[in-house]
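Visitor: I have a chain to look through and some questions about it. Can we take them one at a time?

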Amino acid sequence: MDATFTTAEVALLAGVPKRTVDKAIEERVLSARVKRAARGRTSLRLPLHAVPYSVIIKKLGISLPLNAKRTILHELGKRSAAKMIDGSITIAPALTLDLSSLVAEDLVTKAASYAETRERVIEENPDILGGTPVIRGSRLSVYALEGRVNGGDSVEDILDDYPDLKPEELETALLYASSHRRAGRPAARKGKVAV
């Protein structure tokens, strides 16, 4: 199964605003598939090459015509994960993109590793904490782990408390929590009181 990502995951992995990814979908440069998730929810899923594509668009910092954007995405999509950012892509006679200077060498590997670990480690089961994402085989919520880090606990503290949890699994859980916000009432803004 090919690695797929939500729009928020692509944005976090690429280090770009989510709006960049959403705009590529709106422009029909990126094709998103609808995936049914837990509790009847659906989410848009994007392929692995959406991650380096988003980085390239951000780093170029110029407005490109749609056909140029589609060429970049098409060329990335034809490549294996191991070769995705090797070489260059010519998008116009006077414009060739050197992929290795635009995209970090390990970005695609990290994104693919995140997807594999996410599928293996994160579970959403309606019978466990009402479907809240947890570490598979436990009742340890990804949001509880995120809360500990936000509360000042170090990664080492958490790993000491959960010796069966590997560092890459904790990193995956934290990224998952950041890219899959809980539904509910938004946090109060500073200076305003929630009523």
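Visitor: Is Leu129 buried, partly exposed or exposed?
Guide: This is a predicted model, and Leu129 sits in its loop between β6 and β7. Buried means under 20% relative accessible area and exposed means over 50%. Leu129 has a relative accessible area of 34%, so Leu129 is partly exposed.

Visitor: Near what value is phi of Leu129?
Guide: Most residues other than glycine have a negative phi. Leu129 is a residue other than glycine with a positive value, and its phi is near 50°.

Visitor: Which loop holds Arg28, and near what value is its phi?
Guide: Arg28 lies in the loop between α2 (18–26) and β2. Arg28 is exposed, with a relative accessible area of 68%. Its phi is positive although the residue is not glycine, and the value is near 60°.

Visitor: In what order do the three strands of the open sheet lie?
Guide: The edge strands, which pair on one side only, are β1 (4–5) and β2 (33–36). Strand β3 (residues 42–47) runs antiparallel to β2, and four bridges join the two. The order in the sheet is β1-β3-β2.

Visitor: Which residue of β3 stands opposite Arg33?
Guide: β2 covers 33–36, and β2 is joined to β3, residues 42–47, in the antiparallel sense. The residue of β3 opposite Arg33 is Arg45.

Visitor: How many residues lie between β4 and β5 in their hairpin?
Guide: Strand β4 spans residues 88–92 and strand β5 spans residues 95–98; they pair antiparallel over four bridges. One of the facing pairs is Ile89 with Leu97 in β5. Between the two strands of the hairpin, the number of residues is two.

Visitor: Is Ser54 buried or exposed, and which residues is it in contact with beyond its neighbours within four places in sequence?
Guide: Ser54 belongs to helix α3 (residues 50–60). Buried means under 20% relative accessible area; Ser54 has 1%, so it is buried. With its neighbours within four places in sequence left aside, Ser54 is in contact with Val10, Ala14, Val16 and Val21.

Visitor: Why do the buried residues of α7 line one face of the helix?
Guide: Helix α7 (residues 142–150) has Val142, Tyr143, Leu145 and Glu146 as its buried residues. Seen down the axis of α7, these fall within an arc, so they line one face, and the arc is 155°.

Visitor: Which elements do the buried residues of α7 pack against?
Guide: An α-helix has 3.6 residues a turn, so residues three or four places apart point the same way. The buried residues of α7 are Val142, Tyr143, Leu145 and Glu146. They pack against β6 (122–123), β7 (134–135), α8 (155–161) and α9 (167–179).

Visitor: What percentage of the residues of the chain count as buried?
Guide: The chain has nine helices and seven strands. Its C-alpha atoms fill a box of roughly 55 × 40 × 35 Å along the principal axes. Of the 195 residues, the share that counts as buried is 38%.

Visitor: How far apart lie the centres of the positive and negative side chains?
Guide: The accessible surface of the chain is about 11500 Å², with 52% of it belonging to carbon and sulfur atoms. The chain has 30 positive and 25 negative side chains, and the distance between the centres of the two sets is 10 Å.

Methods. Residues numbered from 1 in each chain as written. Predicted model: local features only at pLDDT ≥ 70, side-chain atom pairs only at ≥ 80, totals over all residues. Heavy atoms only, no water. Buried < 20%, exposed > 50% of the residue type's maximum accessible area, 1.4 Å probe, protein only. Areas by Shrake-Rupley, 256 points an atom, 1.4 Å probe, with all protein chains shown as cover. Lys, Arg positive; Asp, Glu negative; His and termini not counted. Charge placed at Lys NZ, Arg CZ, Asp CG, Glu CD. Pairing = 2+ DSSP bridges. Arc of directions from axis to C-beta. Contact = heavy atoms within 4.5 Å.
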